Amino acid sequence: MNSKKLFELASRYMPGGVSSPVRAYKPYPFFTASANGSRIYDVDGREYIDYCLAYGPLVLGHGNEEVKEAVSEQLEKGWLYGTPHEKEIELAKKIINHYPSIEMVRFVNTGSEATMAAIRLARGFTGRDKIVKIEGGFHGAHDSMLVKAGSGATTFGIPDSEGVSKDIVKNTLQIPFNDARALTDTLEKNSGEVAAVIIEPVMGNVGPIPPEEGYLSEVRKLTAGNDVLLILDEVITGFRLALGGAQEFYGVDADLTTLGKIVGGGFPIGVFGGRKELMELVAPSGAVYQAGTFSGNPVSVTAGLKTIEIIEREQVPQRINKAGERMQAALRELLRDSGVEGCVSGVGSMFKVFFSPSGKEVRNYADALSCDKNKYLRFFHKMLSAGVFLPPSQFETNFVSFAHSEEDIERTVEAYKENLRHFRGR
Ligand SMILES: *Cc1c(COP(=O)(O)O)cnc(C)c1O
């Protein structure tokens with residue numbers, strides 16, 4: 001069956017025909033038959049160079065052989081125990097080794113779970129209710145974070161989801177990214193009431209928006225100075241920008257860190273961690289409850305361990321960052337030469353072309369929203385026809401993986417060049 005038929009069928013049995021909103025685009029998404037390395041293949045027999053990469057986890061590309069082998073070996077020994085196992089210790093040690101701000105971790109199953117638990121822990125530790133988040137920041141699809149949320153919520157125009165209780169979101173305060181003044185004011189106005197500030201060090205779910213020089217250290221100073229916890233949500237940036245994530249890359253630290261995506265090597269995982277004094281409040285050693293049937297499951301833990309081993313051995317962050325920077329430089333030049341209104345935003349392996357008004361740089365959520373998302377979708381389809389799979393939303397990040405070759409990148413730049421021509425002016 002072809003993608004069109006499959007989507008008709010899928011729409012009968014699943015809302016919008018998909019298992020997660022951002023996967024749906026008009027007229028219908030392609031259905032995947034298989035994927036390998038930098039390539040993804042659809043059931044209609046087409047091949048694409050993949051820059052969506054499952055929205056972040058696949059830092060090594062698809063179907064890495066070493067990860068496959070490690071997982072196969074683990075499958076022989078069973079895939080779920082409901083008991084502790086040794087590899088959890090190994091993965092915990094690896095994480096702790098690379099993140100100086102983390103002394104203990106708890107494994108969960110998704111990034112959403114990780115941020116939900118980290119927020120609960122911050123509230124439990126401080127005895128306060130309010131959380132400050134960044135407008136357009138995305139921390140998973142749970143109630144307290146579905147306020148001005150990025151990712152699919154923004155793509156589909158429902159950043160403030162229905163069905164979320166007002167009593168819950170009244171404790172979620174919003175500030176714009178790259179604006180230390182706004183944080184100062186909010187912390188002053190809510191003095192003694194804020195448990196934590198949660199922030200993606202690089203905004204990854206409205207397209208990548210890097211922090212401006214000094215912004216993150218200012219956030220660190222302000223939170224510490226006001227006795228408020230800082231939660232760095234490194235679900236995307238962890239093990240990507242550097243082995244030690246954005247914390248190493250930008251030289252900041254956190255009270256609590258959330259990880260996910262890459263840490264599971266393409267299998268479901270989430271992690272939250274921090275210093276011992278905080279983490280020991282988590283059940284069963286403390287009174288902040290958190291639990292999960294599949295948590296620390298040996299398949300995700302094995303895939304994550306192997307993936308991190310490869311990242312260490314091959315210096316993956318340095319290499320993908322370089323490839324990403326090359327891509328960004330080439331795209332900037334193309335935009336300049338093409339007369340297309342837009343800008344290139346990104347850092348390292350994370351990048352995006354924004355169709356921004358007059359080519360204005362994108363510094364925060366409001367700037368991202370001012371971009372032409374319909375134009376982007378038309379552009380997305382052109383690129384798809386040229387064999388390049390970008391994320392199907394103006395507000396999602398493109399990723400370069402370790403599996404992308406020089407030639408892949410050259411071909412991609414060519415495709416941008418060929419297709420941007422059609423997008424001059426408004
Ligand atoms: C993807 C993402 C999440 C949610 O992770 P899931 O595994 O999809 O639940 C949370 N925070 C950030 C920054 C993310 O990019």
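Biologist: Before we start, what counts as a salt bridge here?

Modeller: A salt bridge is a side-chain nitrogen of Lys or Arg within 4 Å of a carboxyl oxygen of Asp or Glu. Please also bear in mind that this is a predicted model.

Biologist: Noted. Which residue forms a salt bridge with Arg-319?

Modeller: Glu-314 is the partner of Arg-319, and their closest N and O atoms are 3.5 Å apart.

Biologist: How is the chain divided into domains?

Modeller: Domain 1 takes in 31–63 and 315–423, while domain 2 covers 65–314. Their centres, taken over C-alpha atoms, are separated by 25 Å.

Biologist: And how many salt bridges does the rule find across that interface?

Modeller: The rule finds 2 between domain 1 and domain 2.

Biologist: What area is buried between them?

Modeller: About 3000 Å² is buried between domain 1 and domain 2, with carbon and sulfur atoms giving 60% of it. In terms of residues, 36 from domain 1 are in contact with 41 from domain 2.

Biologist: Changing topic to the ligand: which residues surround it?

Modeller: The surrounding residues include Thr-110, Gly-111, Ser-112, Phe-138, His-139 and Gly-140. Also among them are Glu-200, Asn-205, Asp-233, Val-235, Ile-236 and Lys-261.

Biologist: How does that shell split by class?

Modeller: The shell has 3 nonpolar, 6 polar and 3 charged residues.

Biologist: Which side chain has an N or O atom 2.7 Å from a nitrogen atom of the ligand?

Modeller: That side chain belongs to Asp-233. For Lys-261, a side-chain N or O atom is 2.7 Å from an oxygen atom of the ligand. Phe-138 contributes a backbone N or O atom, which lies 3.3 Å from a ligand nitrogen.

Biologist: How much of the ligand's accessible area does the protein cover?

Modeller: The protein covers 83% of the 380 Å² that the ligand has on its own.

Definitions and conventions:
Residues are numbered from 1 along each chain as its sequence is written. This is a predicted model: local features need pLDDT of at least 70, side-chain atom pairs count only at pLDDT 80 or more; totals for chains, interfaces and linings use all residues. Side-chain values use heavy atoms; hydrogens and water are left out. A residue is near a molecule or strand if one of its heavy atoms lies within 4 Å of it. A polar contact is a pair of N or O atoms within 3.5 Å; within protein, one must be able to donate a hydrogen and the other to accept it, and residues adjacent in sequence count only if both atoms are side-chain atoms. Accessible areas come from the Shrake-Rupley method with a 1.4 Å probe; for residues, only the protein chains shown count as cover. Ala, Val, Leu, Ile, Met, Phe, Trp, Tyr, Cys and Pro count as nonpolar, Asp, Glu, Lys and Arg as charged, and the others, Gly among them, as polar. Domain bounds come from an automatic or database domain assignment. Contact means heavy atoms within 4.5 Å. Buried area is the accessible area (1.4 Å probe) that two parts lose on being put together, summed over both.
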